[in-house]
Number of protein chains: 2
Amino acid sequence: MALIVQKYGGTSVGTTERIKNVAKRIARFQKEGHQLVIVVSAMTGETNRLIGLAKDIQASPDPRELDVVVSTGEQVTIGLLSMALMEQGLKARSYTGPQVRILTDNTHTKARILKIDEDRIRQDLDEGHVVVVAGFQGVDEAGNITTLGRGGSDTTGVALAAALHADECQIYTDVDGVYTTDPRIVPEARKLDRITFEEMLEMASLGSKVLQIRSVEFAGKYKVKLRVLSSFQEDGEGTLITVEEDSSMEQPIISGIAFNRDEAKLTVLGVPDRPGIAYQILGPIADANLDVDMIIQNVGHDGTTDFSFTVNRSEFDKARGVLEEVKAHIGAREVVGDKGICKVSAVGVGMRSHPGVASKMFRTLAEEGINIQMISTSEIKISVVLDEKYLELAVRVLHKAFELDHAN
Amino acid sequence: MALIVQKYGGTSVGTTERIKNVAKRIARFQKEGHQLVIVVSAMTGETNRLIGLAKDIQASPDPRELDVVVSTGEQVTIGLLSMALMEQGLKARSYTGPQVRILTDNTHTKARILKIDEDRIRQDLDEGHVVVVAGFQGVDEAGNITTLGRGGSDTTGVALAAALHADECQIYTDVDGVYTTDPRIVPEARKLDRITFEEMLEMASLGSKVLQIRSVEFAGKYKVKLRVLSSFQEDGEGTLITVEEDSSMEQPIISGIAFNRDEAKLTVLGVPDRPGIAYQILGPIADANLDVDMIIQNVGHDGTTDFSFTVNRSEFDKARGVLEEVKAHIGAREVVGDKGICKVSAVGVGMRSHPGVASKMFRTLAEEGINIQMISTSEIKISVVLDEKYLELAVRVLHKAFELDHAN
């Protein structure tokens, strides 16, 4: 008997029919003798409908009240799924985030989980219940309803698996696993049987469609065995995200090609090249709650340097505004930006022991006449910023160059 | 400066536009210097949508899980209204029933309020906030979400007014007050400026469209000054529901003609006429959680009697099933029922000091050839059960006979 946490996303529970199907799947698992905790998202479209109502009233909805409104989406699903489980003859009981209680900090719309009381869940499991928990939500110390931000249901699943020391956390979604790249761009893309946490983290942009990145970090930190599966397929092992590199087989050099079209580039030109300048630029950006992705500072000349970074495209205008103020303060020359970019990355733990990956990547792009605007590397990833018009082409040629279309 | 609890029903908050209008109205009250606690229902149609989803999954939805699902309706409204109040420049904060905390018993879908913690609300009020509370819902001792049943938002409003010792509880709805009878049946029906709690209770069936009957009981018990108003009219005093009879003016004999088409009649024929028989019949009915309205037992003859009562039409089949079992147990002859009935009542505290109301009522109906099936009287009400086809006719002739179309 294993204790399994399963998370079903919005499309998996998008209609009452689909909720019934999920209940049948859960019933089969229970018959195998497993204890089950189920985490669910809001039904497809529901979160957007609720945000739409809020924006009808406030252009920038108050974060506390937005959480009150949006958290109802998951609450509806837990009740409906519990009913569907009872129709399958199972004992089931639902809990909202506040009921569990999933304690978070008080950063509304982007809260972080601090602690989970697992006593009540464990008692229900011991009494033979399937426990159904609302994803994406929690409660702060003062009793206010909080949400974890988009995709937070994955994080709820992993956090529950960690708190309960579950044997596995299964994320059911509308894809059957993690692919070498997006099959809509490269039809030859292959499903990976396993991938390491580190790679999955680097594949963030691909992962964002499959797994919320924070949930992967969480799973890595607490050593939760995480598996991505399709809720629309009967069989299939999905992709297992593991702590260890698989030493029993030859590692491929590259596991996948990730990309992201939601980025924008900002550069501060003519920055005085003195200690502390990076902090003076990025401090105000962080204070404004803006997430920064790639950061690049070239060696300076003439006592000044250029400082570039990328942000989420939706936050470009806000970030630019912050930089204009910073510019005057630090005595920089100019702030320039570009929303028409994309980021493409080659990811793989294998590159640790295989030099030459970077040069192969650059050569492949050069052969297609694709200009590289920025480069950033980590131990297991090489990312380049390109004009967004090259995205599909770059992904296709890199996928082929690293032979990702051949099973290993 | 007064402390006012205002309750806005589903049609008053049926769209985001209407929510904005409610916020403007509240802003005007606040400018007058009042402290305000606002109770809201779910947006029109939302509760039915949610029940529909539940019934897609379970023909008889599990009560605990139904409460989890349905309570989201009001939760959406409190968030949206709080945002709209902020847009009006007010400080606002929303609370769900569990957050307040509105403690109830654990009778899911029909819970009763046991206790309200008013500390947090009072602190918010003192800090200048408008406090927005979800109607209809609460939490039991074990932390489960409960709902108070249809119309329970009125009860939430009155209970909060009682707990906070508010100066007035205003129920905003789509009608501008309590009428002598339903204007859709009698166009000459007049709005009453005031009505006593006792009369309002007896006018239950009319009141059910305006005020939930339990909220009136609650208001009477805790001496809450209750007023019914239209949320679509700028001015208007509505109808005040008072504890005292107004001694300064001549009481009309009858305040209104109430009616109810949702009843059904059940009769147990040939019941052995012995002590305890009423309990033996109605005990199992109460155990099955069925509400009984009129109860009539005639004097017996030949050692047996006939026992009749009315129930909500939707519970007729269930009640009949219970009676068939009771029949065998107590040795009665037969159970007969009729779903095609209605109840019409003349209500007024004035009838205490005016004999002859009953005979006038019976004569009026007889002149129209309307047969009376059952009669039940209280100190301030005379109710008759009629074939439902006579409902409109009976209401019209009684409204005229008691001169309710003339202002007093």
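These legends describe close-up views of a predicted model. Local features need pLDDT of at least 70, side-chain atom pairs count only at pLDDT 80 or more, totals for chains, interfaces and linings use all residues, and side-chain values use heavy atoms, with hydrogens and water left out. Residues are numbered from 1 along each chain as its sequence is written, while chains are lettered from A and ligands numbered from 1 in the order in which they are written.

**View 1. Strand β20 of chain B is largely enclosed by the rest of the structure.**
The strand covers residues 381-387. Strands (E, at least two residues) and helices (H or I, at least four) are DSSP runs, numbered from the N terminus. Of the 7 residues in β20(B), 6 are buried, so the rest of the structure largely encloses this strand. Buried means under 20% relative accessible area, exposed over 50%, and partly exposed in between, with a 1.4 Å probe and protein chains only. In a regular strand the side chains alternate between the two faces of the sheet.

**View 2. Strand β18 of chain B pairs with β20(B).**
Strand β18(B) spans residues 341-347. Two strands pair if DSSP finds at least two bridges between them. Here 7 bridges join β18(B) to β20(B), and the two run antiparallel. Lys343(B) has Val385(B) of β20(B) as its bridge partner.

**View 3. Strands β19(B) and β20(B) form a hairpin.**
Strand β19(B) is made of residues 374-378. Between β19(B) and β20(B) lie 2 residues. The strands run antiparallel, joined by 5 bridges. Thr377(B) stands opposite Ile382(B) of β20(B).

**View 4. A cis peptide bond joins Val100 and Arg101 in chain A and in chain B.**
Most residues other than glycine have a negative phi, and most peptide bonds are trans. In chain A, omega of the bond between Val100(A) and Arg101(A) is about 10°. Arg101(A) sits in the loop between α5 (97-100) and β4 (102-104) of that chain. In chain B, the bond between Val100(B) and Arg101(B) has an omega of about 10°. Arg101(B) lies in the loop between α5 (97-100) and β4 (102-104) of chain B.

**View 5. Thr109(A) has a positive phi.**
The value is near 70°, in a residue other than glycine. Thr109(A) belongs to the loop between β4 and β5 (113-116) of chain A. Its relative accessibility is 27%, so Thr109(A) counts as partly exposed.

**View 6. Lys223(B) has a positive phi.**
Lys223(B) is not a glycine, yet phi is about 55°. The loop between α10 (213-221) and β11 (226-230) of chain B holds Lys223(B). Lys223(B) counts as exposed because its relative accessibility is 58%.
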